[in-house]
Amino acid sequence: MRAHDVWRTFTVLYVLALAAVSALIISHGEDLVAAMFVTVVAISVYLYIVYKRYHVERLPENDIRLFDDPDDLRILCRIYGLPDSGSPNWLRHRLAQFSRQNEDRSFVWVAPRFMKTLASSLEFAPGMEEYQSLLEDPNELLVRMVSSSPSVGPKSRPLVWGRSRSSSRRRTITSCPICDSSVGQRAPVCGECGADLEFYDALLESRIGRRLVAQKADGHGRKN
Ligand SMILES: [Zn+2]
């Protein structure tokens, strides 16, 4: 079951539950307009949270191949609702496959794995088609694992979203996006945590990048 099917199932259940509660409240003599107002607000908040959190940018396949930190790859897998176990090459390959399968769209719906399993069981469907479609073809994997590992250093690694490294971008970075340490104007990496400063600065220009950096920063114990 794909993520948008999961949210369709849960949204139907949520609306039905709200309707049942509203009917119960009205049957006990409460004001009809007030009950309707509360129901509309509850649905609006639900839709806003789901859209804001689970409708995320699709990182292009070529950008995914730029990530060399295993923590980043695991965080991306969790954001996209994919299994986060395995070696960095497996994780990168899994993410690249996911991106390739959704290459016709800029944003993708995502859902936690437990919700996919639960929604599938509610619909009596097999449930793991999306993951099965992501199972690695051994021959393809061998080719990609040889070519997918980033082999360039922070001074020459391209940035995500097609952004360019520049002295003007570098001058605007005064603290590390990951550990919040002060950084010198010419240093390519953070002296404290080793983060590639311009790479994460470019990531911060997107919603998914801000989520990744926030989770990575939490892992470093940064106080935001
Ligand atoms: Zn740092």
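**Helix packing and the nonpolar core**

The contact involves Asp71, Asp72, Ile75, Leu76 and Ile79 on the α4 side, and Ile208, Arg211, Leu212, Gln215, Lys216 and Gly219 on the α11 side. Contact here requires C-beta atoms, placed from the backbone, within 7 Å. The two axes come within 10 Å and cross at roughly 125°; they are lines fitted to C-alpha atoms over the stretch in contact, with angles from 0 to 180 degrees between N-to-C directions. α4 and α11 are therefore oblique to each other (under 35 degrees is roughly parallel, over 145 roughly antiparallel, 65 to 115 roughly perpendicular, and the rest oblique).

All of this comes from a predicted model, in which local features need pLDDT of at least 70, side-chain atom pairs count only at pLDDT 80 or more, and totals for chains, interfaces and linings use all residues. Residue numbers start from 1 along each chain as its sequence is written.

As for the overall layout, the protein chain has 11 helices and 2 strands, running α-α-β-α-α-α-β-α-α-α-α-α-α along the sequence. Helices (H or I, at least four residues) and strands (E, at least two) are DSSP runs numbered from the N terminus. Of the 224 residues, 25% count as buried, with 20 or more other C-beta atoms within 10 Å of their own, against 12 or fewer for exposed and anything in between for partly exposed. Among contacts with a separation of 6 or more, 64% join residues 24 or more positions apart.

The largest nonpolar core has 38 residues, and Leu76, Tyr80 and Leu95 have the most contacts inside it. Two or more residues each come from α1 (3–27), α4 (70–79), α5 (88–101), α10 (197–203) and α11 (207–219). Domain 1 (1–151) and domain 2 (153–224) each supply at least three, the bounds being from an automatic or database domain assignment. Such a core is a set of buried Ala, Val, Leu, Ile, Met, Phe, Trp, Tyr and Cys residues joined through C-beta atoms within 7 Å. Beyond its neighbours within four places in sequence, Leu95 touches Ile64, Leu73, Leu76, Cys77, Tyr80 and Leu82.

Phe199, in α10, is buried, with 24 other C-beta atoms within 10 Å; its C-alpha lies 9.5 Å from that of Pro188, 11 residues away along the chain. Leu47, in α2 (residues 32–54), counts as partly exposed because it has 13 C-beta neighbours inside 10 Å. Leu47 and Trp7 are 40 residues apart in sequence and 9.9 Å apart, C-alpha to C-alpha.

Definitions and conventions
Two residues are in contact if their C-beta atoms, placed from the backbone, lie within 7 Å.
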